[in-house]
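Student: I would like to go through this structure and ask what the terms rest on. Please show it first.

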Amino acid sequence: MNSVQTRKIEPIKKKIFKKENYSGIENYYKKHGFCVVRRLYDNKKIKEVEKIFLKCQKIFQKYKDTDNQSFLIACDKIFEKTDLYDYIFKNKNLIKLLKIFYGNDIIHFNFTKFQLNEKKNSSQKKSLDEIKFQLSKGIHNDHWTGSSEYTTHYWLGFSGIDKGNTLTMYPGSHLNGSFPVLNREPDPKIEFKYKPHKLDYLKEGDVVLFHSLLLHKTTGKTNKTRVGIISKFSSLNYKWTNQEKDLGYQPLSIGPIREIIRLIGNDALTPFRTYGGVAGIDRSIYENYNERQLDKSTNKILNILKKNI
Ligand SMILES: [Fe+2]
């Protein structure tokens with residue numbers, strides 16, 4: 001094992017940032033590589049997410065020959081098509097929070113996943129699924145598995161959260177680059193000096209944002225099955241990995257500099273396209289573009305159509 005002289009890495013104290021009071025969040029995130037945010041979402045909506053999931057789970061339990069991973073992917077496909085998905089990921093509070101980290105040009109990668117940490121003493125078959133699909137994760141960072149160093153990871157816990165079944169972070173580990181990996185685990189040849197910080201103070205509805213280079217793991221198991229949703233965000237102006245390009249993205253917010261190009265109409269800046277007229281953006285692009293707000297009349301018709309189809 002390679003051992004190096006380092007200053008002592010001190011454990012950190014718990015800190016919860018509440019909606020509308022993000023004072024100090026930038027420095028906290030820079031130093032520790034993560035932050036916990038409370039009350040970003042309405043509690044009722046979090047309960048609705050749980051309800052959809054539990055409903056899907058009830059149906060799934062009747063089909064014993066289907067593996068857990070297939071179920072979680074299928075569940076996400078259902079969730080993606082609901083209004084709740086938009087509530088969670090195009091949420092004004094979330095966009096406001098992400099603007100602190102990225103400015104105005106924010107993207108949401110087309111990647112969401114339900115994540116399950118099963119309770120103790122689950123069936124043998126499920127335990128095998130967990131090993132095969134790494135549902136319960138040991139120490140890792142998400143840079144190892146295709147995220148750019150500019151990507152922010154997102155975790156929302158919405159059901160079964162318990163002191164001992166959430167996440168453990170290794171604060172500051174992102175500041176040393178990507179930890180050497182050997183067979184999906186930290187290389188044992190390097191002495192591991194980071195101190196674990198258990199997020200044993202999380203509540204349902206809390207969001208954890210963390211840097212892609214930050215080492216973290218599943219804390220452990222309790223008598224409750226914990227369910228969460230993971231996803232990731234970045235900026236239109238930073239580097240993405242090939243995997244992230246393949247996933248694609250939705251813009252969540254567009255700043256004035258990009259908006260000017262949209263108003264001109266094209267990247268070639270064709271002179272005088274709207275000379276003497278109004279510089280504007282095609283309405284369907286506009287309504288689906290900046291913070292993705294549909295016009296009142298579009299929303300009204302959309303709701304009528306949804307009810308009647
Ligand atoms: Fe992870």
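Student: What stands opposite Thr152 in β9?

Tutor: His211 in β9 stands opposite Thr152. This is a predicted model, in which local features need pLDDT of at least 70, side-chain atom pairs count only at pLDDT 80 or more, and totals for chains, interfaces and linings use all residues. Residues are numbered from 1 along each chain as its sequence is written.

Student: What makes β4 and β9 a pair of strands?

Tutor: Strands are DSSP runs of E of at least two residues, and helices are runs of H or I of at least four, both numbered from the N terminus. Two strands pair if DSSP finds at least two bridges between them. Strand β4 (residues 152–159) is joined to β9 by five bridges, and the two run antiparallel, so they pair by that rule.

Student: How many bridges link β2 and β9?

Tutor: Four bridges, again in the antiparallel sense. Phe34 is the residue opposite Phe210 in β9.

Student: Why is β9 called mostly covered?

Tutor: A residue is buried if 20 or more other C-beta atoms, placed from the backbone, lie within 10 Å of its own; with 12 or fewer it is exposed, and in between partly exposed. In strand β9 (residues 207–211), five of the five residues are buried. Val207, Leu209 and His211 point one way, Val208 and Phe210 the other way.

Student: Why is Thr82 called partly exposed?

Tutor: Thr82 has 13 C-beta neighbours inside 10 Å, so it counts as partly exposed. Thr82 is placed in the loop between α3 (68–80) and α4 (83–89).

Student: How do you know that the buried residues of α5 share a side?

Tutor: Leu94, Leu97, Leu98 and Tyr102 are buried in helix α5 (residues 92–102). They cover an arc of only 125° around the axis, so they lie on the same side of α5. The arc is that of the directions from the helix axis to the C-beta atoms. Their cover includes β2 (34–38), β3 (106–117) and β11 (226–235). Just after α5, Gly103 has a positive phi of about 75°.

Student: Which residues touch the most other members of the largest nonpolar core?

Tutor: A nonpolar core is a set of buried Ala, Val, Leu, Ile, Met, Phe, Trp, Tyr and Cys residues joined through C-beta atoms within 7 Å. Of the 46 residues in the largest one, Phe34, Val37, Val207, Val208 and Leu209 touch the most other members. Strand β3 gives the most to this core, with five residues.

Student: What is Val207 in contact with, leaving aside its neighbours within four places in sequence?

Tutor: Val37, Leu40, Tyr154, Trp155 and Leu156. Contact here needs C-beta atoms, placed from the backbone, within 7 Å.

Student: What makes β8 and β10 edge strands?

Tutor: The open sheet of three strands has the order β8-β5-β10, with antiparallel pairing. β8 (197–198) and β10 (216–218) each have a single partner strand, so one side of each is without a neighbour in the sheet. Strand β5 (residues 167–169) pairs with β10 over three bridges, and Thr168 stands opposite Lys217 in β10.

Student: Where do the domain bounds come from?

Tutor: They come from an automatic or database domain assignment. It gives domain 1 (16–253) and domain 2 (256–308). Their centres, taken over C-alpha atoms, are 32 Å apart. Six residues of domain 1 are in contact with five residues of domain 2.

Note on methods
Contact = placed C-beta atoms within 7 Å.
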